[in-house]
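Reader: I am new to protein models and would like to learn how to read one. Could you walk me through this one, feature by feature?

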Amino acid sequence: MLNANPPTEQNTDEDDCPICGLPLKYPALSRFDNKTYVCGQCGQSEGTGFLFSLFDDTQRIMLQDREWANTYGLTEWQAHCIVIAAINGSTLGYQKKSREAFERLREMMDNGTLEKLEEE
Ligand SMILES: [Zn+2]
């Protein structure tokens with residue numbers, strides 16, 4: 001299997017991220033093994049992913065315990081890639097929701113609703 005394990009040789013100027021496939025550009029050392037380079041987004045997801053994802057507790061536990069990896073005979077690296085890709089996707093949703101919340105807050109500031117709430 002091609003991606004059963006992290007790549008053993010990487011050229012950070014030419015290779016793509018082994019997790020998401022985007023250019024490495026500003027690479028980060030993967031927390032998976034501290035020697036594989038991943039892109040900045042995947043590095044960030046490895047570090048703070050669950051904090052900024054929209055996963056609920058049950059989804060988080062399922063992704064973290066990785067019992068499913070054994071069910072499908074996946075390597076640690078393959079399971080890691082799936083978890084980080086899932087976090088990346090969930091984080092995109094978080095960014096959208098954050099933008100929407102910020103726009104709502106700005107509207108409330110502009111029309112005085114926020115001040116009324118603070119007075120209550
Ligand atoms: Zn990546």
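Author: Gladly! Let us start with a term: helices here are DSSP runs of at least four residues, strands are runs of at least two, and both are numbered from the N terminus. Keep in mind that this is a predicted model.

Reader: Which loop holds R66?

Author: R66 lies in the loop between helix 2 (57-65) and helix 3 (67-71). Its backbone deserves a look, as R66 has a positive phi of about 60° although it is not a glycine.

Reader: Is R66 buried, exposed or partly exposed?

Author: To decide, count the other C-beta atoms within 10 Å: 20 or more means buried, 12 or fewer means exposed, and anything in between is partly exposed. R66 has 15 of them, so R66 is partly exposed.

Reader: Where is N34, and what is its phi?

Author: N34 sits in the loop between strand 1 (28-29) and strand 2 (37-38). N34 is not a glycine, yet its phi is positive, at about 60°. Now apply the count: N34 has 7 other C-beta atoms within 10 Å, so N34 is exposed.

Reader: Is S30 buried or exposed?

Author: S30 belongs to the loop between strand 1 and strand 2. With 21 C-beta neighbours inside 10 Å, S30 counts as buried. Setting aside residues within four places in sequence, the contacts of S30 are T36, Y37, V38, G43 and E46. As for D15, S30 is 15 residues from D15 in sequence and 15 Å from D15 in space, C-alpha to C-alpha.

Reader: How do I describe two packed helices?

Author: Two packed helices are described by the angle between their axes and the distance between the axes. In this model, helix 1 (residues 40-52) and helix 4 pack at an angle of about 70°, and their axes are 9 Å apart. Angles of 65 to 115 degrees count as roughly perpendicular, and helix 1 and helix 4 are therefore roughly perpendicular to each other. Their crossing is left-handed.

Reader: Which residues make the contact?

Author: Helix 1 brings Q41, C42, S45, E46, G49, F50 and F52, while helix 4 brings I84, I87, N88, T91 and Y94. Sorted by class, this contact of helix 1 with helix 4 has 6 nonpolar, 5 polar and 1 charged residues.

Reader: What does S45 touch?

Author: S45 is part of helix 1. Not counting residues up to four places away in sequence, S45 touches I84, I87, N88 and T91. Take the pair S45 and I87: they are 42 residues apart in sequence and 6.3 Å apart in space, C-alpha to C-alpha. S45 counts as buried, because it has 27 C-beta neighbours inside 10 Å.

Reader: And what is F50 in contact with?

Author: F50 lies in helix 1 too. Leaving aside neighbours within four places in sequence, F50 is in contact with F55, R60 and I87. With 16 C-beta neighbours inside 10 Å, F50 counts as partly exposed.

Reader: Where is Q59 found?

Author: Q59 is found in helix 2. Q59 has 14 other C-beta atoms within 10 Å, so Q59 is partly exposed. The C-alpha atoms of Q59 and L105 are separated by 29 Å, and these two residues are 46 residues apart along the chain.

Reader: Which residues form the largest nonpolar core?

Author: A nonpolar core joins buried residues of kinds such as Val, Leu, Ile and Cys through C-beta atoms within 7 Å. The largest one here has 11 residues: C17, I19, L24, V38, C39, C42, L63, C81, V83, I84 and I87. Helix 4 (residues 76-110) supplies the largest share of this core, 4 residues.

Reader: Which residues is L24 in contact with?

Author: Beyond its neighbours within four places in sequence, L24 has contacts with T12, D15, D16, C17, Y37 and C39.

Conventions: Residues are numbered from 1 along each chain as its sequence is written. This is a predicted model: local features need pLDDT of at least 70, side-chain atom pairs count only at pLDDT 80 or more; totals for chains, interfaces and linings use all residues. Two residues are in contact if their C-beta atoms, placed from the backbone, lie within 7 Å. Axes are lines fitted to C-alpha atoms, for helices over the stretch in contact, and angles run from 0 to 180 degrees between N-to-C directions. Angles under 35 degrees count as roughly parallel, over 145 as roughly antiparallel, 65 to 115 as roughly perpendicular and the rest as oblique. A crossing is left-handed if the near helix is turned anticlockwise from the far one by less than a right angle, and right-handed if clockwise. Ala, Val, Leu, Ile, Met, Phe, Trp, Tyr, Cys and Pro count as nonpolar, Asp, Glu, Lys and Arg as charged, and the others, Gly among them, as polar.
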